Amino acid sequence: MEIKDILLNELRNEVQLTEKFLKRIPADKLDWRPHKKSMNIQELGSHLAEIPSWITGTMEMDEMDVDGYETPKLSSPDEMVKVLKKNAADAEASLQKSNGDFQKKWKMKMKDETLWEMPRIDVLNTVVLNQIPHHRAQLGVYFRLLDVSVPATYGPSADESQ
């Protein structure tokens with residue numbers, strides 16, 4: 001099996017699950033946050049929608065300077081879903097590479113300082129794809145605190161198993 005096929009399957013699954021979560025964000029609670037140090041629900045949903053674009057950046061660039069980078073602020077759950085789907089489609093196209101392309105080094109920089117450098121496959125697995133379930137789980141906690149039904153992900157949720 002090609003590396004791209006493994007990553008495409010994982011990406012498609014994670015996007016499908018994430019879409020269920022984004023659709024449940026209460027549009028009247030976008031400014032809500034569980035703690036002053038936490039992202040608000042709009043920032044968290046916007047971040048989830050943008051993560052597939054990191055795949056494209058990893059595959060289409062040799063390095064990225066994150067100085068001044070900001071997550072886009074999307075205005076509604078519908079916009080978050082739309083952006084998620086677009087970013088996922090772009091990511092799928094960017095993954096159409098040979099196994100050798102996944103072994104090429106990629107750098108994350110802050111101005112002139114290299115924060116880290118590793119093969120693209122490691123960036124995708126360690127940094128990018130793992131971000132999706134991590135932040136989706138955060139959103140699940142937000143839902144629980146707001147008494148919003150938590151969607152099932154890799155198995156049933158307490159809200160959907162009854």
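Start with the sheet: three strands form an open sheet in the order 1-2-3, with mixed pairing. This is a predicted model.

Select strand 1 (63–65) and strand 3 (113–119). These two stand at the edges of the sheet. Each has a single partner strand, so one side of each is left without a neighbour in the sheet. Now look at how the strands are turned. On average, neighbouring strands of this sheet are turned by 15° against each other, direction ignored.

Strands of a sheet pair through backbone hydrogen bonds, either parallel or antiparallel. In which sense do strand 1 and strand 2 pair? Select strand 2 (residues 105–110) to see: the two pair in the parallel sense, over three bridges. Pick out Asp 65 next. Its bridge partner is Lys 109, in strand 2.

Move on to helix 5 (120–129). Helix 5 lies across strand 2 and strand 3. It runs at about 100° to strand 3.

Now select helix 6 (residues 131–146). It has 16 residues, which should span 22 Å at 1.5 Å a residue. The C-alpha atoms at its ends are 23 Å apart, which agrees.

Which residues of helix 6 are buried? Colour Ile 132, His 135, Arg 136, Leu 139, Gly 140, Tyr 142, Phe 143 and Leu 146. They cover an arc of only 160° around the axis, which puts them on the same side of helix 6. An α-helix has 3.6 residues a turn, so residues three or four places apart point the same way.

What covers these buried residues? Show helix 1 (3–23), helix 2 (41–60) and helix 5, which are among the elements that do.

Last stop: Asp 147. This residue follows helix 6, and its phi is positive, near 60°.

Conventions:
Residues are numbered from 1 along each chain as its sequence is written. This is a predicted model: local features need pLDDT of at least 70, side-chain atom pairs count only at pLDDT 80 or more; totals for chains, interfaces and linings use all residues. Side-chain values use heavy atoms; hydrogens and water are left out. Helices (H or I, at least four residues) and strands (E, at least two) are DSSP runs, numbered from the N terminus. The expected span of a helix is 1.5 Å times one less than its number of residues. Buried means under 20% relative accessible area, exposed over 50%, partly exposed in between (1.4 Å probe, protein chains only). The arc is that of the directions from the helix axis to the C-beta atoms. Contact means heavy atoms within 4.5 Å. Two strands pair if DSSP finds at least two bridges between them. Axes are lines fitted to C-alpha atoms, for helices over the stretch in contact, and angles run from 0 to 180 degrees between N-to-C directions.
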